[in-house]
Amino acid sequence: MAFEPPQRLLRALGETRRSGSEGADEWLERLPETAQQASDLRELTVERVQAPGGRSSLVVLVRRADGTPAVLKLAPERARPESERAALAHWDGRGAVRLLDPDDTRDAHGVLLLERLHPDMSVRSLPEAKALLEAAGTLRRLWVEPPAGHVFETVAERTGRQAEAMRAAATAEDGAGAEVPALVDAALAARDELLAGPPEARLLHGTFRQSKVLAGERAPWLAVGPDPVVGECAFDLARLVRDRVEDLIASPSGPSITRRRVKRLAESLDVDQERLRGWTLFRAVESGVRAGRVGRLRDAELLLEFAGWL
C-alpha cells in the first residue's frame, strides 16, 4: 500500500521547515519505508491512512494478526514520540488511548501501536457546552503524579523556550502589527508571575483541546495525541479555554463568553481562575506569534485578538 501523507501533515511539515527546524524532509522521505517496515514487523494488515489526520504524525488504521483493529502512528523526532509513549504507558488507558505492546522496541523510535478509537468522532462534534463538559472531565483523569525519575519536559522549560521565540518575534520588523509587542510583554509578565512560586507537578497532556478527545468503546471519550509536560493543571486547561476560537471571534459577545468560560472551567476543575487566565493569555499569544511566523496569518490574527480580551 502507498502510505501517502495527508495534505494537513505536509502543510505542517512545510511550516516546520520555514521555522528553521531540521529533519522534516528526511523523515518524510523515509516515511513509506518506515511505515511498511513497522507494519510488517507487527504482522499488521493495513486498511488506510487516516485523513485529514494530524499535523505532527501519520496515522494508519490497521488490524493486528488476530483481527483486532488498531492504529499505527508514526511521528518525527521533533514531535517527541518517545515522550508520548512514556505518558501513554503511565496512564495505561486511564482517560487516554491505550498503548499496545508498550515494551515493543523492534524498530526505530517514532512508531506507536495504539488501540483503535473512532477517528472521525471527536468531542468537537457535540454542542459547545456539552463538548466543554466532556472534554474537561476527560482532562481531569489525566492529571496524575508523574512516574518517579521521569524525563518529561517541565512547564518552566517548555515555556522558557517559547518565551525566547516570542521575544525575537516581537522585536522583528515583520509587519506583524503594533499590538504584538504589547501582547508579548503581557504574556511574558504573566509567565514570570505564574512561575514565581513552588511548581505543581502533575503529568499533563500538553496540547489538549476538543479535537484531541475521541469516542471509544471501553470509555465514552479518550484523549489522544499528547505532547506531555509536567507542571500545574491550569497550564493544561488553558488550551481548552480558546477552543472554537473562530466562533468566539465571530460572536459580538466573544469577550464576555471567554470570561465566563474561564470562570466555569476553573470552578469545575478546581483550578485557580487567575492562574488559568494567565496561562490562557500566554498560550494564546505564543500560538498567535508562532502562527504568524510560519505564515498562517489568519490564525495569528484570531489568536492575538482573543488574547487581547484577557
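A: Trp279 has a relative accessible area of 0% and is therefore buried (buried means under 20% relative accessible area, exposed over 50%, partly exposed in between, with a 1.4 Å probe and protein chains only). The model is a predicted one, in which local features need pLDDT of at least 70 and side-chain atom pairs count only at pLDDT 80 or more, while totals for chains, interfaces and linings use all residues. Residues are numbered from 1 along each chain as its sequence is written, and side-chain values use heavy atoms, with hydrogens and water left out.

Q: How many aromatic pairs does a search of the whole structure find?

A: A pair of aromatic rings is described by the distance of the centres and the angle of the planes. Rings of Phe, Tyr and Trp (its six-membered ring) pair if their centres lie within 6.5 Å; planes under 30 degrees apart count as stacked, over 60 as edge-to-face and the rest as tilted. The search of the whole structure finds three aromatic pairs. In one of them, the ring centres of Phe235 and Trp279 are 5.2 Å apart and the planes stand at 85 degrees, so this pair is edge-to-face. Because Phe235 lies in helix α7 and Trp279 in helix α10, the pair ties together parts 44 residues apart in sequence. Helices (H or I, at least four residues) and strands (E, at least two) are DSSP runs, numbered from the N terminus. Phe235 counts as buried, at 1% relative accessibility. Ring pairs link Phe235, Trp279 and Phe282 into a cluster.

Q: Which residues does Leu188 touch, leaving aside those up to four places away in sequence?

A: Contact means heavy atoms within 4.5 Å. Leu188, found in helix α6, touches Ala163, Met166, Arg167 and Phe282 when residues up to four places away in sequence are not counted. The C-alpha atoms of Leu188 and Ala163 are separated by 6.8 Å, although the two residues are 25 apart along the chain. Leu188 counts as buried, at 9% relative accessibility.

Q: What span should the twelve residues of helix α11 have?

A: The expected span of a helix is 1.5 Å times one less than its number of residues. Helix α11 (residues 297-308) has twelve residues and should therefore span 16 Å, which agrees with end C-alpha atoms 16 Å apart. An α-helix has 3.6 residues a turn, so residues three or four places apart point the same way. In α11 the buried residues are Ala300, Leu302, Leu303, Leu304, Phe306 and Ala307. These buried residues pack against α6 (179-194), α7 (233-241), α8 (245-250), α9 (254-268) and α10 (273-293).

Q: Where are Arg80 and Pro52 found, and what is to be noted about the backbone there?

A: Most residues other than glycine have a negative phi, and most peptide bonds are trans. Arg80, in the loop between β3 (69-74) and α3 (81-91), has a positive phi of about 55 degrees although it is not a glycine. At 30% relative accessibility, Arg80 counts as partly exposed. Asp92 also is not a glycine, and has a positive phi of about 50 degrees; Asp92 is found in the loop between α3 and β4 (111-115). The peptide bond from Ala51 to Pro52 is cis, with omega near 10 degrees, and Pro52 lies in the loop between β1 (45-49) and β2 (58-63).
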